[in-house]
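Open the model in your viewer and get ready to select a few residues. We'll go from stop to stop.

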Amino acid sequence: MTDEHERWLAQAVEFARTRRYDEAREYAIRVIREDGRNPKALWIVASATSSLNERRNALKALLRVQPENMHARKMLD
């Protein structure tokens with residue numbers, strides 16, 4: 001992960017913490033565009049989106065990267 005990705009993810013986490021979910025999602029998607037297998041970014045998108053389809057896609061991608069992730073599996077179910 002690049003320093004830029006780490007900054008974007010830190011910003012996404014801060015936005016999510018303050019319930020600014022649209023901004024959190026935007027920063028996480030920046031990371032995913034460059035690193036589609038980043039589990040933290042995928043989790044943020046799944047958690048911050050209001051779109052069920054986008055949430056499902058992010059969770060499926062996350063489970064391809066981390067098949068043992070029980071939180072993602074439970075959220076998908």
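Which residues does H5 touch, not counting residues up to four places away in sequence? Select H5 and look around: the partners are V31, E34 and D35, where contact means heavy atoms within 4.5 Å. H5 lies in helix α1; helices here are DSSP runs of H or I with at least four residues, numbered from the N terminus. H5 is also buried, with a relative accessible area of 5%. Buried means under 20% relative accessible area, with exposed over 50% and partly exposed in between, using a 1.4 Å probe and protein chains only.

A quick word before moving on: this is a predicted model, where local features need pLDDT of at least 70 and side-chain atom pairs count only at pLDDT 80 or more, while totals for chains, interfaces and linings use all residues. Residues are numbered from 1 along each chain as its sequence is written, and side-chain values use heavy atoms, with hydrogens and water left out.

Next, select F15, which sits in helix α1 (residues 3-17). F15 is buried, with a relative accessible area of 9%. Setting aside neighbours within four places in sequence, you'll find F15 in contact with R20, Y21, E23, A24 and Y27. Now pick T2 as well: from C-alpha to C-alpha, F15 and T2 are 20 Å apart in space and 13 residues apart in sequence.

Rings of Phe, Tyr and Trp (its six-membered ring) pair if their centres lie within 6.5 Å; planes under 30 degrees apart count as stacked, over 60 as edge-to-face and the rest as tilted. By this rule there is one aromatic pair. The ring centres of F15 and Y27 are 5.6 Å apart and the planes are at 45°, so this pair is tilted. F15 lies in helix α1 and Y27 in helix α2 (residues 21-34), so the pair ties together parts twelve residues apart in sequence.

Last stop: show α1 together with helix α3 (residues 39-48). Their axes come within 11 Å and cross at roughly 30°; axes are lines fitted to C-alpha atoms, for helices over the stretch in contact, with angles from 0 to 180 degrees between N-to-C directions. That makes α1 roughly parallel to α3, since angles under 35 degrees count as roughly parallel, over 145 as roughly antiparallel, 65 to 115 as roughly perpendicular and the rest as oblique. To see the contact, select L9, A12 and V13 of α1 with K40, A41 and I44 of α3.

Notes. Helix = DSSP H or I, 4+ residues; strand = E, 2+ residues; numbered from the N terminus.
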